[in-house]
Amino acid sequence: MKALDEVSLEVPRGRVTLLIGPNGSGKTTLINVISGVLRPDGGTIIFEGLDITRLSSHERSKLGIVRSFQIPRLFQNLSVMENAIVGRDGNPGESVARSLFKRLWVEFEKKAFLDALGKLEFVGLKGLSERRPGELSGGQMKLLEISRTLMPMNPKLVLTDEPVAGVNPVLAHEILAFIKNVAVEFGVTFLIVEHRLDVAVEYADYAYAMHLGKVIAEGEPRKVLEDPKVIESYLGM
Amino acid sequence: MASLIARYPRLQSLLIVVIAAATIILALPLLGLTITDVFSIAIILIVVLALNFMAGYAGIPNFGMALFVYIGAFALAGVGTRVALALVELTSPGFIELLRSSYPLILGDSSSFEVFVRVAGDPMVNRIVTRKVESVIEASSILSLTLTLAVFGFAIIAGALTGVLASLAAVRLREDYLAIVLLAFSELMVSVVFDQTDALAGGPNGAWVVRPWPRVGALEGLAGLLGTIPDVLISLAVGLAVLAACFIYVERMANSPMGRMLRAMRDDDLTIRVYGRDVAVTRLKVMAIGAAMASIAGAIYATVYIQVKAADTYDRVTWTFVPWAMMILGGMANNWGAVLGGIIVYLGRKAIYYYAPAIASVISPILGVEASIAGDILRAQLPNILVGVLIILVLYLRPQGIIPEKPSKTLSRREIEAIT
Amino acid sequence: MVEYMLSVSNLNAGYGKFHIVFDASFNVAEREILTVVGPNGSGKSTLLKALFGLATIYSGSVIFKGSNITGYPPHVKARIGLAYLPQTDNVFAELSVRENIIMASYTLDENEARDRIEEVLSVYPILKQRLDYKAKSLSGGERQILALAMTLIRRPELIMLDEPTANLAPLIARDLIKKIVQLRDELKKTVILVEQNARAALEVGDKALLMVSGKIAYEGPAGALLKDVELGKRYLGLR
Amino acid sequence: MVLPSPEFTIYSIAYGSSLALLCLGLTLTYMTAKVPNFAHGTLAILGSAITLILIDRVYYQFKGEPLYYSIYIVAPLVAFLIVGLTALIQYLLILKPLAKRGVGVIGLMIATLAFDVILVNMLTMALYLAPSAYFGKLIGQSLKGFDAGISILGVVTTFSRIVMPFVAVALAITLHLFLTRTKFGIAMRASIENPSLARTLGIDVDKVYMVSWFLAGGLAGVSGSFLSFIIESVKPAAGSLVIVSIFAGSILGGLGSIYGALIGGFLVGFMEPMTTITLQNTLTALLGKAVIITQYQRLFSLLVVIVVLLLAPQGLTGLNYRGIIGRARRVGGVG
């Protein structure tokens, strides 16, 4: 069986696009294919007019495609601040020679620091920036990971796998509102896989529904959710 | 015991402090430490700092440190001796001919090329020629300076290359494979390739080195003032200077974005890939730098311990295992910790060495062995056993070591305050 | 007061710091199928795992046949008559069917084990023909039957099944659902069935829970939920 | 090419058989603790040392008598028990508590190395200090002279070399039967594959792992006991070289399959001396003067480690044979 079967979809720039579907419908596989973790058997992936189908994972990351994980993968021995700031790539201080001369990277570092601080403040983690991830709550870990996905020099497309799973309803709304806000303010494109439809539907601009490896509906999120085909796919036989 | 510690976490630190204090007190009789002790500490600290850079920061389980240290010693024993002979022959042609006529029985039927091979490969030739060469080199500051540059240049380049080669096969794989490959490569290079091949640097008999220190300018003047400066003092000065340089280097690296990225890579190499960093290339760079540092340490070490035997002197316990113990005790990913751990373990081993005969005199009647024999054996084995026990205890009681890891201080408090 | 097989009140559960199930309360009577439905991510599986002791319970209580078993570890729960069938990795793939069944009867003495293996094989004759095949060579449906058989060997009273039909072809899934009804009707077991395949599961359930976003959105007869015209919207949490 | 003599081939088979047992043990412990045991080579040397002590204290008196042949049963048995217990102690006292405290892979690996250093140095101390009845001192003694000679079909060899392969095959078959025919053996495979499922079925996974470690140590003891007659001398420090060949065989076998370990171990152990001697004889014949390269024999193991990790890190058992054959066909088809 194919996990993905002739899937075609377009993700609008600067918007929050929701990807839904029952278990095994191929959503995570799609995220893996877009982020370069898996190779497709056929078809093409065009990112900003560029065919990226054959690029490796870290090359795609350089183009501005970032992803988060279902269970946050944080660096356990780095502080919250360090976890955020390490998301910024292209730091001249990460060369074995230049790292020794502070004046070569201090300006970049200051900017990155301010940026990270701003993101942490935005998600309410500023006061915890010296802590280790192990001291955070589950929701805070999610927030930290999402703010880290916004740290690369030029994040263009952020793929997030269940950003609000395991998060209490109040915080879930906050996280998605934050994502929406970033999309509007910074023009970052989001593609979100999320099962908490009741929450997610309020913040998405567009939605795709998948079932058995195919796209079965797309459009305005509420309409997609009310599409009989989509409901059927969830309810089963 | 364990539950007691769980209830009072402070007890852990207290226990460590008590153990450390006891070690130092036991070491007190040794406080008339000789210069060679200070020298040895300086050398081992360079190795520990290099290891901490590779393992503590970058998460490369380098179980093959001994090889990289040996490469530096080989730079003197295998390369330096021959370079020295070449230098002498070039500046005063006929030197080899002179040697041949002076030692007809040993060198009479050797071609010039064979002399070059045998000068480091044949213990007897090595013995007589190195001293003769040394006396010529010593007399000329240009020659000795050239030799120094050649030897240390080789040590750095060969060390870095060996570091890359040793890790190449597993640099993309999990850390346990990396550990296996580094251990296997190091063991076989030291104990089989170098120890079994006379032509490289004397095989099991080892080779004597030509001491390379230049007697230039100021030093010559000083020598005039103080009489002759013993070589060991120069080695000590160089060792301390290199130690300081290495410390500044790794500490700067640690407190730069590079150090932070290395620690992130160590914690989760998949995630750092998603953020656009090339893990394999970074690991290779770290291997090259760390191995080169260890190699320099080995080269300086060989200027004092001038008979270089591969498997005998550059064994895995002294040069791989003990540095690991020092790093784990002091605290991984903390350079001050590495230095502190290095000093404590060195003194501790020295103290056991010191007290071994006393212990031996107690147990030898029970075993029916001569006290002096028992003493020698205890001296050789007991420090290693206790280091092994120490590693396991530290991992159990205080895995973060005496001084735990701290965030990379890329910006100072003042700089942060200024921008916020 | 009615004596329930299982009685859960105000259960809050999750994994470590991830709070997933909020204030769940419900009862299961003896020889009843309780169907738990809801979209993925709604906390159904976590609820089941919490009941069996595999997820963290923050607060609330779980009463099994009158005794409070909230904090019992899984292996104790297994011994007192609860069984849990995980969604994946529920058989030893590298072991043969026979070996899998032997492992399921590990704690029993030899004669008893033989009898029960005999018994289970007579309930599921398909396994008899596959005894010497490795479990990884079985089809998805056969694998689930093997897992079910392994659970039954310990003669549990309450069987908790986590999405047994996931990734099965529709016909085979229907067949498996029949086997679950058989658990109640012929083997007199109590079943908690977590299913994403809502229609099919509700058809066979006596009672149903609908979970949305970690909370119980409906508790009552399964038939009533099935007939609910707004089921679809309720299911997706849109109403 | 000059092929090795039958005598040498028998030696290589014996060596390969003993390495197969060592790789089997290493893989068994790797699958349970998820960490390579860097002390496994020294465990084998411990088996050799036990044999040495038995000969020194008891068996030297019987040399040449029929009773002497019982050494080939007694020594491996005693080694099996003592080395098995040593490995069990290593697991219970070091690896299990450290893993429970959340020490990571690197910490666990250095802990096995620490145990190795403790073991090597204790053994060295013991061999220096223990009173010796026959040898005078035990350290560095060779047992080659204590291996009974035997001639089969005109091939002169020694008793240990003939017995070792049979012992290895017998042990492998016994282990296979244990793992497939006994309830506990099946539980062992089950616990290795899926410990959490095994636990829910009431299997005492801890006990199973303890037995794995005891068995792994025991097999290393048996192997070391026979190796003691083959190796030049019994030196504790040799463990750090033996371990390289053990890793080579285990990695070739895939580090995840005990059958792979048996095959990988035998292949590396058999090929290592055979390749070396063939190369040496060939070079000698070509150059017309004696070339000696046997001292580099173990480089073969390093080469195996490097080549396998570069080309197929999953080892023999992890290879996708269908894929390779498919690719070969496709390439063939195009060509």
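How many residue pairs are in polar contact across the interface of chain B and chain D? The rule finds 8, both residues of each pair being at pLDDT 80 or more. The model behind this report is predicted.

## Where chain B touches chain D

Three helices of chain B give two or more residues each to the side that touches chain D: α10 (175-196), α18 (316-330) and α20 (371-397). Of the elements on this side, α10(B) gives the most, with 15 residues. By class, the side has 33 nonpolar, 7 polar and 5 charged residues.

The contact draws 45 residues from chain B and 44 residues from chain D. About 4,200 Å² is buried between the two chains. Carbon and sulfur atoms give 81% of that area. Within chain B, the residues that lose the most area to chain D are Ile180(B), Leu188(B) and Arg316(B). Together they account for 14% of what the chain B side buries.

## One salt bridge between B and D

The count between chain B and chain D is 1 salt bridge. Its partners are Arg316(B) and Asp116(D), whose side chains meet at 2.5 Å, N to O.

## Where chain A touches chain B

Here 40 residues of chain A meet 37 residues of chain B. The area buried between them is about 3,300 Å², and carbon and sulfur atoms give 61% of it. In chain A, Glu94(A), Val96(A) and Leu100(A) lose the most area to chain B.

The rule finds 6 salt bridges across the interface of chain A and chain B. Glu94(A) forms a salt bridge with Arg277(B), with the closest N and O atoms 2.8 Å apart.

The largest share, 8 residues, comes from α4(A). By class, the side has 15 nonpolar, 11 polar and 14 charged residues.

## Aromatic pairs in chain D

Over all chains, a search of the whole structure finds 35 aromatic pairs. One of them joins Tyr134(D) and Phe146(D) edge-to-face, at 5.4 Å centre to centre and 90° between the planes. Both residues lie in the loop between α4 (105-129) and β1 (149-152) of chain D, so the pair ties together parts that are 12 residues apart in sequence. Tyr134(D) is partly exposed, at 43% relative accessibility. Phe146(D) is buried, at 5%.

Phe266(D) and Phe270(D) form a stacked pair. Their centres are 5.6 Å apart, with 10° between the planes. Both lie in helix α10 (residues 258-287) of chain D, 4 residues apart, about one turn of the helix. Phe266(D) counts as partly exposed because its relative accessibility is 28%. Phe270(D) is buried, with a relative accessible area of 18%.

## An aromatic cluster in chain B

Which residues of chain B form one aromatic cluster? They are Phe39(B), Tyr70(B), Phe74(B), Phe154(B), Phe194(B), Tyr301(B), Tyr305(B), Tyr314(B) and Trp319(B).

Methods
Residues numbered from 1 in each chain as written. Chains lettered and ligands numbered in written order. Predicted model: local features only at pLDDT ≥ 70, side-chain atom pairs only at ≥ 80, totals over all residues. Heavy atoms only, no water. Contact = heavy atoms within 4.5 Å. Buried area = accessible area lost by both parts, 1.4 Å probe. Salt bridge = Lys/Arg side-chain N within 4 Å of Asp/Glu carboxyl O. Polar contact = N/O pair within 3.5 Å; in protein donor to acceptor, adjacent residues only side chain to side chain. Nonpolar A, V, L, I, M, F, W, Y, C, P; charged D, E, K, R; others polar. Phe/Tyr/Trp six-rings, centres within 6.5 Å; stacked < 30°, edge-to-face > 60°. Buried < 20%, exposed > 50% of the residue type's maximum accessible area, 1.4 Å probe, protein only.
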